[in-house]
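User: I'm new to this one. Can you walk me through its salt bridges?
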Amino acid sequence: MNPRPVFYTGVYRQTAAFTNGFITYSDGIHDDVNKIVWSLLGWDSSLSEQEMLLEYASFFFGAEAAEEAATALLELEKNWEGPIAANKGIDACLRLWENIGKGQPSLSGSWRWRMHLMRAYYDAYTRRRAIYEQELEQEVNQVLLKSAETGPAKAMENAKSILSRADQRVMPVWRQRIVALCDSLFQSVCLQTSVGKYGAKNPERGAVLDFLDRPLNNRWWLEDAFRRIDSLESRQQQVKELETIARWENPGKGSFYDNVGNVSRSPHVLRGPGTDIPGFDWWESGYSRERLSHMVSMRWPEEMVYNGLDTKSGYLVRVSGYGECLLRANGRRLKPSRYGKGIGEIKEFHIPPELLKNGRLTLTWDTINEEHLNWRQHSRVSEVWLIRTED
């Protein structure tokens, strides 16, 4: 369910002057609000988002609930803005939907009402899970950093135990409500939120119920890494691998990490008009066990800028992603010392000391013509580290 009245009104206002009319189209009932927004804009382009939502809510939910329901629909759109953990409005949005329902119990018979109530529950449940599961991963990292003391086998055993706490579920009442609402929506309007349970065509077609418990941290990737590390014969190598995992996003004092496909974790990526939009890679029908940072990427960051670097230190750039990487540092093309091209594999480039005399570094990427390839095979960047190598 994706009501986006503000976004689509903006799209309409920016493009209307270049068109000669339009028709409204919807992929399904999940798009119900957007379909009405476009239809109303076609009828009267001067309408504001609030006015359109008031008409929608008045017609479908009744005059008494209209004003609060219009606000609640606007809040659903805001739920998807910015990092989920920092968006406290998500919980407030759910409370608003719940309070309206308590005041207007007859709304429970409206599939439109239940559809948006389910979205509010889903967002709030996902936020709580994301916060909790990220905390679990931070706890795991601390355990792995002690693997030299405890032994790698014990560290991995403890780490898996910590990750498994997510199976106990946060807010189980919310989860039960989501499941019940999905069932009622299938019974009333055949909304197919699951492939196996309700016959959705495939996981990409709105099968949100199937992903209700998908890990929101790197649990699957970590479990696979532990199996690989456990098979190593050298205890020293096992410890080294576990410490690398633990420091993945925290490379140490004087070094930096950017998850370039995540706008909340990429402070050095310059973003402006025309900047490439981060993309999400959909593998294995949404059940890929890759590290989450490998599933988001940019074709190329426009620029990455670092200031105040230690001019007496050496630095190397480490990049993960896929395919080729034509990297420049302060305008000079760099030669790689390591060049993995598979998903998540590492490339490394040493920075010539003379390029860092003023303590400032700008990274850019040369474009590559890959029009002959399917977009899924296009080269892209997922993560960038700037590693201080010596004092």
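This is a predicted model: local features need pLDDT of at least 70, side-chain atom pairs count only at pLDDT 80 or more; totals for chains, interfaces and linings use all residues.

User: What does arginine 332 pair with?
Analyst: Its partner is glutamate 354, at 3.0 Å from N to O. Arginine 332 sits in strand 8, and glutamate 354 is in the loop between strand 10 and strand 11, so the bridge ties parts 22 residues apart in sequence.

User: Is arginine 332 buried or partly exposed?
Analyst: Arginine 332 is partly exposed, with a relative accessible area of 37%. Glutamate 354 is partly exposed too, at 41%.

User: Which residues share partners in one network?
Analyst: Asp167, Arg219, Glu223, Asp224, Arg227 and Arg289 are joined that way.

User: Switching topic. What about arginine 112?
Analyst: Arginine 112 bridges to aspartate 32, with the closest N and O atoms 2.6 Å apart. Arginine 112 is in helix 6 and aspartate 32 in helix 2, so the pair ties together parts 80 residues apart in sequence.

User: Buried or exposed, that aspartate 32?
Analyst: Aspartate 32 is buried, at 2% relative accessible area. Arginine 112 has 17%, so it counts as buried; the cut-off is under 20%.

User: And where does lysine 341 go?
Analyst: Lysine 341 meets glutamate 324, with 2.7 Å between the closest N and O atoms. Lysine 341 lies in the loop between strand 9 and strand 10, while glutamate 324 lies in the loop between strand 6 and strand 7. They are 17 residues apart.

Technical notes
Residues are numbered from 1 along each chain as its sequence is written. Side-chain values use heavy atoms; hydrogens and water are left out. A salt bridge is a side-chain nitrogen of Lys or Arg within 4 Å of a carboxyl oxygen of Asp or Glu. Helices (H or I, at least four residues) and strands (E, at least two) are DSSP runs, numbered from the N terminus. Buried means under 20% relative accessible area, exposed over 50%, partly exposed in between (1.4 Å probe, protein chains only).
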